Amino acid sequence: MPSLSRSFPLARLLLLAALASLIPSSISARLLAAPTRVACVGDSITFGSGTTAPGFDSYPAQLARMLGSSKWEVRNFGVSGATLLSQGDRPWIKESAYKAALEFQPEVVSIMLGTNDTKPQNWVHQAAFVS
């Protein structure tokens, strides 16, 4: 199976450009002394499912390579099947990745959740999307 980076080069570029735009330009000199921690939170898309090597081809791994390890520490907290809804069939906040992400104490967080919320068994909670 081809990697996402080879199959969707424009999508990859747009995603990484969008992520880069989220990084605040006002990060203090104190924070720059140590690598800035970036947590990539999400579902199987974040985890890298469907790629031949998720540890290399997932978007968090690609982002880490693009940013460089001297100033950025990027970690992947993706969980296949995870939902944003706390009452969904696999809420991300009830996974061990949630606790691990909190313990990591990131300064930047990328969130890619919601795809699994559209599964029929989760759509019964559609009222939770309206506030």
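The model is predicted, so local features need pLDDT of at least 70 and side-chain atom pairs count only at pLDDT 80 or more, while totals for chains, interfaces and linings use all residues. Residues are numbered from 1 along each chain as its sequence is written, and side-chain values use heavy atoms, with hydrogens and water left out.

We begin with the sheet. Helices (H or I, at least four residues) and strands (E, at least two) are DSSP runs, numbered from the N terminus. Two strands pair if DSSP finds at least two bridges between them. Strands of a sheet pair through backbone hydrogen bonds, either parallel or antiparallel. Here three strands form an open sheet in the order S2-S1-S3, and the pairing is parallel. Strand S2 (72-78) and strand S3 (108-112) are at the edges with a single partner strand each, so one side of each has no neighbour in the sheet. From one strand to the next, the twist averages 15°; axes are lines fitted to C-alpha atoms, for helices over the stretch in contact, and angles run from 0 to 180 degrees between N-to-C directions.

Strand S1 covers residues 36-42 and pairs with S2 in the parallel sense over seven bridges. Within this pairing, Val-41 has Phe-77 of S2 as its bridge partner. S1 also runs parallel to S3, and five bridges join these two strands. Gly-42 stands opposite Met-112 in S3. How many of the seven residues of S1 are buried? Six of them are, so S1 is largely enclosed by the rest of the structure. Buried means under 20% relative accessible area, exposed means over 50%, and partly exposed lies in between (1.4 Å probe, protein chains only).

Helix H6 (residues 59-67) lies across S1, S2 and S3, and runs at about 175° to S2. Helix H7 (residues 96-104) lies across S1 and S2, at about 165° to S2.

A pair of aromatic rings is described by the distance of the centres and the angle of the planes. Rings of Phe, Tyr and Trp (its six-membered ring) pair if their centres lie within 6.5 Å; planes under 30 degrees apart count as stacked, over 60 as edge-to-face and the rest as tilted. The structure holds two such pairs. One of them joins Phe-77 and Phe-104 in a tilted arrangement, 5.7 Å centre to centre with 45° between the planes. Phe-77 lies in strand S2 and Phe-104 in helix H7, so this pair ties together parts that are 27 residues apart in sequence. Both Phe-77 and Phe-104 are buried. Trp-92 and Tyr-98 form an edge-to-face pair, with 5.6 Å between centres and 90° between the planes. Trp-92 is buried at 8% relative accessible area, whereas Tyr-98 is partly exposed at 32%.

A ring can also face a charge. A charge sits over a ring if NZ of Lys or CZ of Arg is within 6 Å of the ring centre and within 35 degrees of the ring normal. The charged end of Arg-65 sits in this way over the ring of Phe-56, 3.8 Å from its centre.

Charged side chains come next. Side chains of opposite charge can pair when their charged atoms come close. A salt bridge is a side-chain nitrogen of Lys or Arg within 4 Å of a carboxyl oxygen of Asp or Glu, and by this rule there are five. Among them is the bridge between Arg-75 and Glu-73, at 2.7 Å from N to O. Arg-75 is partly exposed at 38% relative accessibility, and Glu-73 is partly exposed at 29%.

Another salt bridge joins Lys-119 and Asp-89, at 3.1 Å from N to O. This pair links distant parts of the chain, 30 residues apart: Lys-119 is in the loop between S3 and helix H8 (120-123), and Asp-89 is in the loop between S2 and H7.

Within helix H7, Glu-103 and Lys-99 are four residues apart, which means about one helical turn separates them. Their salt bridge has its closest N and O atoms 3.9 Å apart. Glu-103 is exposed at 56% relative accessible area, and Lys-99 is exposed at 54%.

How values were computed. Contact = heavy atoms within 4.5 Å.
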